[in-house]
Amino acid sequence: MSNENFKIQLRKGLLEFCILQVLSKEKLYTSEIIVKLNESQIIVVEGTVYPLLSRLKNKGFVDSEWIESKQGPPRKYYHLTKKGKKYLTELTSSYVEVNSSIQNLINNK
Amino acid sequence: MKKTVTANISGTIYNIEDDAFDLMQKYLNSIKMYFSSYEDSEEIFMDFENRISENLYSISNNANEVINSKHVAKIIEIMGKPEDFEDLEIENNNIKDLSKLRRNNNDRIIAGVASGISDYFKIDPFITRLLFVLTIPVGGFGFFFYLICWISMPKTSIVSSTKRKKFYRDHENKIIAGIAQGIATYFSINAFIIRLFFIALIFVNGLGFGLYLLIWISSKYAKTIKQKMDMSGINLNVDNVEKFVNESKNKIVESENVSKVGSKLYRIFIFPFKLIGQAFEILFPIIKRIPKVLIIFLIIYITAILGIFLIALIIIQFSLFEPNNELLALLQTIIVDLPALTLIMIYINFIISVLLLSIFLIKLLSEKNVKNSTIIVLSIGLFMVTSFNIINLGSNDKLENDIDKIEDFIEDKYFLNYSYKLKIN
């Protein structure tokens, strides 16, 4: 597995987690989510966010509402549901766990 | 020199070179098709187009530059092709699931049982659906088996493979419900032959009519471009979409020309059929909105009625029948003397036991952890009730008498004969 492939796989795996993380602070519409994720260089292609958001919504982790915008058409804002918040805490703790054990591995070499 | 066109993408006006416009359209079509199986596909697509517009705005110097194919290629690179999202889907849905027996929630009419089974055996769900419907008159088997599978198969929402041909009814070339046209497309033959076939079958005890209705209930219209392409088994990619859309446009123009030329007689002949189609079109959504619980209730109810009716029929037949030998005569008295209520209870218990056993077996097949002890407890309980009923039957004086008679009879005729022969020897 090449270095590039590893990075892609890693980002893809973490994307769902990152979307929930970004939404935990404020409600955002899709483009804002993408911009935030781009800042942290987590996105491979922007299009992947759309099916992911739809799936998160179907699972009841996020919900959406239409809000009028000053320029252009109304925007669909996403926010975390109660279930989503709970799911995020679970994800966060397992991420921290994995992260610390990998950190240990790296430090012990 | 290049021709440019003006396009409005999510409220922003762009000047786009002709070839870049074609490329963009192809790309948008492939995206639209990809999301067509999603619940809120329209909204997702709108969102997606919005984002494309934003990106295009920033890379074209605030929409001041003319968009060329390099810009579009850049957009596709940023947003990604459907294939790129597909990877992610598969990872999340766990492709291994396809080898397990699951209800398919993405492609369902009632609960996705038929399409789940089709995924498992890699066949067209239409065939499975038809089998279910066709076996309903066979002692309610189709009903029953569906119910069992519904309870015991866990659900999933796998995006099923797009390569297999699928049967859909054809909305554009329909006369009643587009069934003949759908079948014709599926087998790549002329719809006229299929129509003739159906009409011919009507004269065979109305078989054509019944078959048409069955297929009608168990199939649906091809709505999205993806479904329309699945009808003839075309693969999903950017080039094929464009080709397909162009071809179907031509077809529509063609058929319009034909109908202009077509005689009034033909239209008069077809009119009553079209009317039937319209009527059912109105009824169908109502049928589909009936809640699941009611459907389950109906299934149980109808099967129970069918079974009781069957028992009654057997009893009546037996009591009307003139026995021509002694053993049969005795059997007849026993059947007539059986209390009907107990018989029905035994029947229902038997059915439920079979049901529970099947649930257990199918759960094993779907490799779900079979820790469900309620099923086992319930089956044991039911078997106990059934045995109690049978013992109760035995304590019925009339019946005991009958059974004694049969025992005596058998002893006399076979056993004693045998020992008698032994004695002689």
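Analyst: A salt bridge here means a side-chain nitrogen of Lys or Arg within 4 Å of a carboxyl oxygen of Asp or Glu. The model is predicted, so local features need pLDDT of at least 70 and side-chain atom pairs pLDDT 80 or more, while totals for chains, interfaces and linings use all residues. Residues are numbered from 1 along each chain as written, chains are lettered from A and ligands numbered from 1 in the order written, and side-chain values use heavy atoms, without hydrogens or water.

Let's begin with the network. It links A:Glu46, B:Arg51 and B:Glu54 through salt bridges. Within it, B:Arg51 and B:Glu54 form a salt bridge whose closest N and O atoms are 2.8 Å apart. Both residues belong to helix α2 of chain B, where being 3 residues apart separates them by about one helical turn. (Helices are DSSP runs of H or I with at least four residues, strands are runs of E with at least two, and both are numbered from the N terminus.) B:Arg51 is buried, at a relative accessible area of 6%, whereas B:Glu54 is partly exposed at 27%. Buried means under 20% relative accessible area, exposed means over 50%, and partly exposed lies in between, using a 1.4 Å probe and protein chains only.

Next, stay with helix α2 of chain B, which covers residues 41-59, and follow B:Glu43 across to the other chain, where A:Lys76 sits in strand β3 (residues 75-80) of chain A.

Now for a pair inside chain A. A:Lys36 forms a salt bridge with A:Glu26, and their closest N and O atoms are 3.3 Å apart. A:Lys36 lies in helix α2 (residues 30-39) of chain A, and A:Glu26 in the loop between α1 (3-23) and β1 (28-29), so this pair ties together parts that are 10 residues apart in sequence. A:Lys36 is partly exposed, with a relative accessible area of 34%, and A:Glu26 is partly exposed too, at 38%.

Here is the general idea behind such pairs: side chains of opposite charge can pair when their charged atoms come close. To place these examples in the whole picture, a search of the entire structure finds 7 salt bridges over all chains.
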